[in-house]
Amino acid sequence: MSRTFVELTPQNFSFNSPLGWCPACQGLGTERGTNQAALISNPNLSLLEGAVSIWPDPRLTPGFRRILEALAIAFDIPLDRPWYQIDPRHQRVILYGGGDRWIDVPAGPKGEGGAAVRIQYKGLYPTIEEASRVSYAHRQRFLDLVGEKPCSVCNGDRMRDDAASVRLNEETLPQLCRLPLGEALTFLKSLKLTKEQKKVAGDLLDEAIHRLSFLVDVGLDYLTMDRSMPTLSGGESQRIRLAGQIGRALTGVLYVLDEPTIGLHPRDNGRLISALHRLRDLGNTVVLVEHDREVLESADRLYDFGPGAGRHGGMVVAEGAPKELEKQPEKSLTGAYLSGAKGIPIPRTRRLVRLAPETDSTPKKKRGKKAATLFEEEAKDSAPPAAAARPSTPPALYDAPPGGSWLELLGARQHNLRGVDLYLPLGTFAAITGLSGSGKSSLVMETLGRAIARHLHRVGEAPGAYDELRGIEKVNKVIVVDQSPLGSTPASNPATYTGVWDPIRELFARLPEAKVRGFKPGRFSFNRPGGRCEECEGMGQKKIEMHFLPDVWVECTTCKGQRFNVETLAVQYRSKSIADVLNMSIGEALEVFGNIPKIRAPLATLAAIGLDYLTLGQSAATLSGGEAQRVKLAAELCRPHNGQTLYLLDEPTTGLHFADIAKLLKVLNSLVEQGNTVAVIEHNLDVIKTADWVVDMGPEAGVGGGWIVAQGTPEEVVAHAALARPGANGTRRKETGESPLMRSWTGELLAPVMEAGERADVEFFDADEAAKKRAGDIDISKVGKDSAAPWQSDGRRWHTRDRISHSGKPPKWEGEALEHVIDLLAEHETLAEPNWNHRSIVELMAKEKSGGWFLHAQTGDEWLLVLKFRVKKDSFREEDLARRLSLKSLDDLDELPVYGRGDRVRVKNLKGPWQEVTITVHWLREIETPAFADFLQKAVKAFLPQAQVAVVDPTSLMPWTVLGKKWHLSRKGFPSNKRVEWEAETLESLFGVLSEAAPDAEVDWTGKTTVTYRLKGSSKPWAEVVTKRRSGIDLTLYGAAGRYAMGRISGLGAEREIAAARDGRQTIGIRIADADEVASRTFQDFVKEHADGERP
């Protein structure tokens, strides 16, 4: 079929123009389908090196290598070129197949086996699609591969096919855009134009080289031109804009930059500073908000704000050249750190101890010099030629870490990772370092973090490709702590996020004034109706939606920003209302609540890490990224813990001053002291020098990175850098035939910092110590108990005159009505005295008190007194009684603003021998009638005979008490009529496993929904089985605190949970939904192991 081509214009080469974009994807280059990143885990590798992650490794599988080589011969595909450099038509063959063409695969050599075969290659995408249609199991397995994939029409080129086919020195425009900026610049510089070509493209080529040079100069040589903006960090985006400004060569412009060094390795700081100086030298003014030491020292003038943070700051405390500020350490905190008067010390001791050579657990043939320098040994395994045998690994060269074992991620190859092996000692503070784009986030966030989350919870994002994950048994959970806001509305604040608001609300609810008003803790919540200001719904502010502009928040005119209504604000603790508490700084709140351990512990934690200036109710949206991150870490410190948590942080020092970094390190080390592991991706040398373990990525960025250059203590990484520096050991290693060590830029820059730094003990904050009870402390549960409530001192007066309704307002119904009822009943000598000793209930019983109450009067309603009488079943009929009492319907009473309350006289037969009669009253005149007095006489006569009947304990007649095990195995007793999702045989099998694990255990079958096992000689439960939940059987095992981590039970049952019981023991919850889960040998062995470990 013929096709006509038009002359191409510049617009035809733009994927942002309808004239140039691919008509299928409209220039996006992607469509929904199998995510190519899950198939091509590392585009920097060749097909022979394993670029296609779901294929067998050709280097280890001779049979598959023969197939791959035959495929390459048939379609002329280069096997030794990186994936991103392979021609798109060859990539399309790999992804979509070779059609109906038959390929001859030769027989393998003798010894390897394998006969000659003929095959058809269908391609990755068609094979996965067909497999998912054929099998449900395959479809579930391939769910992780679903995502964005390159457009099937343009193959991700974004452009129309004729424009994408135009070549410049055998390179198409899409291929050029996929190159790292450094390689693209080299390509353009290598172009040799003829005189005629220079007339057409000379200026364009010069301009392209000019602009790319600026991008490379500011340290962005590892980025590709087709990288989407949302995937860039804030620092990368700023540096791109900065490069554009340099290229324009404007003068007389004021440039304002906020932390341009974000995400930039110290090695590249000089390039950024040179770019900034170039802008200045053009006649511009450059203003930076910055904390990086090197940038500060290169500035012409510094303005230091302080003296503190938040409400304690806002003043320029010092200004001048960097040298001038260094001379004012008493005025300028920044100057004190620049001059060395203050600093972040190096830990006196590391948490990780290297074994001496003679006690090294490495085999003898690997001891001696080789075992003494881990980085030299790893060079054999990590250098690109990687043909040597695997050396001794860190677990063999170090004493057991504080966490008891190592976390090992082997063969990681996400993005540019080169199949690296990561070793993290548990129970330590680890730093992952390296140039921007060297693979740190790919290794830690996209592979390690996701792999652990998927292993523990069986859900979450698919991790990057890797071979094996070890040591997960000692990890309970993984938490990523970033600098994102705590919330997006004023309802989110430090008090609610850390959990300190709950005990504060409980304290206010226990105050005498709150008890009098009947306020519960929910009354003091600005998120729930009742106590909050309903005009602003507890926000203190009202949102005004602005069309085409950001929304604006203004102060509520009703509550004046106090969030609560007048009745709630009337309750005060130490002359402070609940709104006053929200407006307190954390430091002030610590003084007010310093004698209440439940409140003191979180407040002391926040104050210890330098956040005492924040207010408890400060809106989350007003917190900086560093403040939000420290609030999150403080919340983690305050929670009940068993250790064994892995915390992952990506550049936590972003936006932090030297003093703030010291506070951040204090909280991170506090988490480590609790038995957790902290791993940070970091460029800040002050943080790296304090780490117990450093993993340095590199040696370069992008294609030149992806290797683990060195891993060890900071001292060992510095020693590695000294050996790997160009010229330091190259000659000796070449002579001995060893692979050269890869350069560690981090180690080189860390060396002078380590040499100049002072050593001191690690600072940390013990949140448990702050929570311990001290002399003078009070328990929240005892607050208000030392003062008698008014209903306790004079109950009759309270309920008939001084009462307050549940809404906090005085009731409108007449108290004389209640007095009239009580006085009429006082004439009956068989009835006891009324019990007034409750805030909103008055009860009257028979003198023998065996039949429960006769009158139950509820006095807490604002408009009505509710009278409930218990009599013998079938004593009254509702229609007859309502007609005799003649009480008007509430809807017909114009004087009362009460509607829809139903009938004022209600009669209901209860389960058992009783009938309940309910009458609602507002005025005394309504019941000051002969008809009501006659009703009372009959009600008393109907109550007394039944109250004297011997009471039988109903629990002894319940089916679970009588039937025991049969009841729990039956299909009765479930909370709804829906189908039970598990078979009865599953529960019976579980009982058998528990009995086999603990044959001498005492079993209690008398619970309605729970079966309890107690080990011989113990009064505490060892196991509990909840048998009446339709979705599954819940097994709970009780044991010693911290004995197991989530990683140990991650393969058991359908769902798992580890928590702490009230008595401090560890609880392991396992949801059983299928008989196969009980039949699993792993499950049975674990239950037996647990029982054996808990026997007294």
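Author: Let us begin with an open sheet of 6 strands, ordered β16-β21-β22-β14-β23-β24 with mixed pairing. Strands here are DSSP runs of E with at least two residues, and helices are runs of H or I with at least four, both numbered from the N terminus. The model is predicted: local features need pLDDT of at least 70 and side-chain atom pairs count only at pLDDT 80 or more, while totals for chains, interfaces and linings use all residues. Residues are numbered from 1 along each chain as its sequence is written, and side-chain values use heavy atoms, with hydrogens and water left out.

Reader: What makes β16 and β24 edge strands?

Author: Strands β16 (477–480) and β24 (707–712) each pair on one side only. Two strands pair if DSSP finds at least two bridges between them.

Reader: How do you know that β23 and β24 pair?

Author: Strand β23 (residues 693–698) and β24 are joined in the antiparallel sense over 5 bridges, and the criterion is at least two, so they count as paired. Within this pairing, Val695 stands opposite Gln711 in β24.

Reader: Which residues is Ser442 in contact with, leaving aside its neighbours within four places in sequence?

Author: They are Gln414, His415, Leu417 and Thr447; contact means heavy atoms within 4.5 Å.

Reader: How do you know what span to expect of α40?

Author: The expected span is 1.5 Å times one less than the number of residues. Helix α40 (residues 984–997) has 14 residues and reaches 20 Å from its first C-alpha to its last, close to the 20 Å expected.

Reader: Why are the buried residues of α40 said to line one face?

Author: The buried residues of α40 are Thr986, Leu987, Leu990, Phe991, Val993, Leu994 and Ala997. Seen down the axis, they fall within an arc of 160°, so they line one face of the helix. That arc is taken over the directions from the helix axis to the C-beta atoms. The face turned away from the buried side carries the exposed residues Glu985 and Glu996.

Reader: What do the buried residues of α31 pack against?

Author: The buried residues of α31 (residues 745–756) include Trp745 and Met754. Among the elements that the buried residues of α31 pack against are β14 (429–434), β23 and α29 (714–724).

Technical notes:
Buried < 20%, exposed > 50% of the residue type's maximum accessible area, 1.4 Å probe, protein only.
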